[in-house]
Amino acid sequence: MNKNKILIVEDNVDTVELLKKRLRADGYDTAEAYDGEEALKKVTEYEPDLILLDIMMPKLDGFEVCKRLKEDESTRYIPVLMLTAKGDVDSTCKGLDIGGDDYLAKPFDYKELVTRIRSLISMKAEREKLLKEEKSEALEKMMDQVAHEIRNPLVTIGGFARRICESLSESDPNRKYLKLIVQNVETLEHMIKKLIELQATVISYREPVDINEIIAKALEEYRPALEENHVDVTTDLMDNLPNISVDRKQIKIAIAHLIENAIEAMRNKTRELNIASRVREGYIEIDVSDTGVGIPRDKLKSILDPFFTSKIHAGLGLTYALKIIQAHRGTISVESELGKGSTFTIRLPVKRPGSH
Ligand code: MN
């Protein structure tokens with residue numbers, strides 16, 4: 001978990017030191033600026049999650065800093081907590097008028113300060129999450145449309161290529177080129193089919209199930225593939241997991257995609273697959289661990305995102321799994337070490353929202 005970053009803007013060195021010490025002790029990362037100009041420079045470099053902004057400062061005062069931050073598209077959504085003088089109602093009002101998100105009168109109570117910081121940062125995170133969801137929904141729609149529009153011309157290309165290919169004599173040198181065209185069209189058709197399937201994922205029927213049973217079924221289905229690839233399978237399944245209400249078929253598909261992904265990652269490597277289950281903090285967790293090639297650090301964040309996966313073929317299975325799990329209000333996370341392997345963890349809430 002990354003630390004939240006707070007930029008302390010304050011010309012009083014003692015106040016800065018005190019805030020810095022306490023905020024760091026509370027797990028925040030901090031940077032400091034001692035006047036308004038420095039503050040504007042630091043905001044760009046440091047990209048804080050929140051700015052603590054003193055009003056009375058040399059060079060640019062807090063009002064001016066706040067005004068400029070709120071005018072700039074790249075900084076306007078960073079919450080600004082203004083530190084005003086006690087009883088100075090005019091400053092307080094002015095601060096809020098020009099876009100300050102909250103204020104606290106000096107001398108302030110540290111506990112109150114931290115409470116406000118926490119609430120402002122969580123509002124910011126919530127907003128960013130919403131934005132991201134909107135964006136990915138729009139992208140998904142576009143992808144679906146593209147998939148449908150590519151499908152028809154592809155059928156035409158493939159169909160005619162096949163016909164021409166069949167009409168040529170065995171010895172015709174163009175035959176091999178046409179065969180290549182047909183093969184490539186088939187790869188594309190397969191991809192498009194998967195994309196359309198992905199969009200059509202719906203959770204239709206929920207019933208209380210034992211997740212361990214689903215894991216066993218998914219493994220059973222993959223037994224031929226696992227044996228063929230010489231993968232050793234072990235399981236650490238927790239006894240007496242609470243039953244949870246899910247679409248049994250879809251969850252099995254999600255687990256199957258993770259198994260398939262693990263097999264893929266372990267080509268030319270030691271091949272040990274472990275599946276574990278447990279209940280923890282209101283969630284059922286399922287780990288699918290492999291001893292495969294691992295995922296590079298820069299890819300780790302986007303591995304589950306269909307729009308950033310470099311290998312769309314491999315990526316689609318993971319995206320499919322994620323979509324199913326998200327439809328159950330769950331999450332998938334991944335940890336990985338290059339050359340050592342990866343662990344994908346599915347988390348499913350034990351209770352459905354609204355139930356008690
Ligand atoms: Mn001051």
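Glu 73 is exposed, at 51% relative accessibility (exposed means over 50% relative accessible area, buried under 20%, and partly exposed in between, with a 1.4 Å probe and protein chains only). Glu 73 forms a salt bridge with Arg 76 (a side-chain nitrogen of Lys or Arg within 4 Å of a carboxyl oxygen of Asp or Glu). The closest N and O atoms of this pair are 3.3 Å apart. Arg 76 is partly exposed, with a relative accessible area of 35%.

The model is predicted: local features need pLDDT of at least 70, side-chain atom pairs count only at pLDDT 80 or more, and totals for chains, interfaces and linings use all residues. Residues are numbered from 1 along each chain as its sequence is written, and side-chain values use heavy atoms, with hydrogens and water left out.

The domain assignment divides the chain into domain 1 (5-108), domain 2 (135-199) and domain 3 (207-349). Domain bounds of this kind come from an automatic or database domain assignment. Between the C-alpha centres of domain 1 and domain 2 the distance is 57 Å.

Side chains of opposite charge can pair when their charged atoms come close. The structure has 25 salt bridges. One of them links Glu 32 to Arg 24, with 3.8 Å between the closest N and O atoms. Glu 32 is buried, at a relative accessible area of 13%.

Another salt bridge joins the side chains of Glu 38 and Lys 42, at 3.3 Å from N to O. Both residues lie in helix H2 (residues 36-46). Helices are DSSP runs of H or I with at least four residues, numbered from the N terminus. Glu 38 and Lys 42 are four residues apart, about one turn of the helix. Glu 38 is partly exposed, with 24% relative accessibility. Lys 42 is also partly exposed, at 22%.

Charges also meet aromatic rings. The charged end of Lys 5 sits over the ring of Tyr 46, 5.0 Å from its centre (NZ of Lys or CZ of Arg within 6 Å of the ring centre and within 35 degrees of the ring normal). The charged end of Arg 127 sits over the ring of Tyr 77, at 3.7 Å from the ring centre.

Definitions and conventions:
Helices (H or I, at least four residues) and strands (E, at least two) are DSSP runs, numbered from the N terminus.
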